[in-house]
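Have a look at it first, then read on.

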Amino acid sequence: MAGPVIHTYRAAEPGLFVNSYLVEAEAGVVAVDTGLLVSDIEALRARLRALHKPLLAILVTHPHPDHFNGVLGLVQDKEVPVYAAASVARVIEEIAEAKREQWSPTYGAEWPAKTYYPNSLLSDRAQVRFGELTFTVRVLGPAESHADSYFLLAADGRAPVAFTGDLAFHGTHPYTADGHSASWLAALDTLADELAGVGTLYPGHGGPAGPGVLAEQRRYLLHYREIVRRLSGGEATVPPSARAELDRAMQAFLPGAPLSWMIGLGADAVAGELAAAGLAGAGVS
Ligand SMILES: [Zn+2]
């Protein structure tokens with residue numbers, strides 16, 4: 001092989017269009033994130049099986065179910081190292097059961113019945129090697145989720161690429177309901193510097209992108225915070241009467257983008273964040 005091949009499995013809308021990546025190297029395959037719903041996880045496993053190479057490891061970028069739900073389905077009963085930053089693994093352990101209780105009534109048998117937790121914990125900048133592949137984890141703290149990280153992949157002198165989880169959505173509305181938009185913006189500033197020389201970013205949602213996708217995510221969040229700030233008027237919620245305006249504003253910002261139901265999902269979380277920071281009433285015109 002001339003180098004690793006990165007296979008993308010992208011879920012359809014019920015599975016939030018989430019990407020799972022299979023990085024195929026000479027001796028085996030490393031999976032990065034694993035999908036949300038059982039039907040997608042089975043399809044991802046079929047894709048892996050069709051490569052006719054062993055699964056060497058699974059890497060999990062952050063503690064949201066659309067990224068960690070499929071770990072068990074890929075591991076099955078084999079012993080496979082499941083790598084995650086220690087902070088990412090801790091949040092998965094804290095939230096996995098609550099997420100199952102919250103979402104199982106909606107998704108039924110499509111929500112995996114069990115969670116397989118990361119078993120190989122990484123500290124910031126730790127490296128893991130699989131033959132010609134070297135992955136370096138970078139831990140960024142709360143951003144899109146309660147604990148975000150990304151994996152840089154270097155392979156035999158080729159230009160590095162990065163698996164950036166949900167630090168930047170590409171062409172879809174983002175999930176903002178964990179309420180860390182301020183630290184997310186700070187993380188994006190850090191990333192813009194760190195990843196300036198990286199040719200391709202493989203995001204959790206949307207197609208591969210250049211580093212410019214980080215600036216786009218930053219602009220989206222700034223705009224979202226500004227609209228929420230105005231509509232919440234200093235309170236920790238966006239009143240129901242103002243939800244349609246928030247929807248309209250963000251859909252105008254990202255015309256035609258999918259996952260638009262996520263706009264309202266994060267409204268109160270971000271309003272609460274702004275109110276707690278004392279920013280909600282500042283600068284109202
Ligand atoms: Zn996601």
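Asp166 and His205 are both buried in this predicted model. They also belong to the set of protein donors that hold the zinc ion, along with Asp66 and His67.

**The zinc site**
- The zinc ion sits 2.1 Å from its protein donors, which are Asp66 (OD), His67 (NE2), Asp166 (OD) and His205 (NE2).
- Along the chain, these donors follow the spacing D-H-x98-D-x38-H.
- Asp166 is in the loop between strand 10 (161-165) and helix 5 (181-194), while His205 is in the loop between strand 11 (200-203) and helix 6 (212-232), so this pair ties together parts 39 residues apart in sequence.
- The angles among the four donor atoms run from 90 to 161 degrees, and the site counts as irregular.

**The nonpolar cores**
- The largest nonpolar core has 46 residues, and Val23, Ile58, Val60, Leu133, Phe135 and Phe163 touch the most other members.
- Helix 4 (residues 86-107) is the top contributor to this core, giving six residues.
- Skipping residues up to four places away in sequence, Val23 touches a list of residues including Pro4, Ile6, Val30, Leu133, Phe135 and Phe163.
- There's also a second, separate core of 26 residues, with Ala168, Leu195, Ala209 and Leu221 among them.

**A look at Ala267**
- Ala267 is part of helix 9 (residues 267-276).
- With a relative accessible area of 0%, Ala267 is buried.
- Leaving out neighbours within four places in sequence, Ala267 is in contact with Tyr224, Val228, Val238, Arg243 and Leu246.
- Ala267 and His180 are 87 residues apart in sequence, and their C-alpha atoms are 12 Å apart in space.

Technical notes. Residues are numbered from 1 along each chain as its sequence is written. This is a predicted model: local features need pLDDT of at least 70, side-chain atom pairs count only at pLDDT 80 or more; totals for chains, interfaces and linings use all residues. Side-chain values use heavy atoms; hydrogens and water are left out. Donors are N, O and S atoms within 2.8 Å of the metal (3.2 Å for Na, K and Ca); water is not among the atoms, so sites may look incomplete. Four donors count as tetrahedral if all angles lie between 85 and 135 degrees; four count as square planar and six as octahedral if opposite donors are over 155 degrees apart and all others between 65 and 115; anything else is irregular. Helices (H or I, at least four residues) and strands (E, at least two) are DSSP runs, numbered from the N terminus. Buried means under 20% relative accessible area, exposed over 50%, partly exposed in between (1.4 Å probe, protein chains only). A nonpolar core is a set of buried Ala, Val, Leu, Ile, Met, Phe, Trp, Tyr and Cys residues joined through side-chain atoms within 4.5 Å. Contact means heavy atoms within 4.5 Å.
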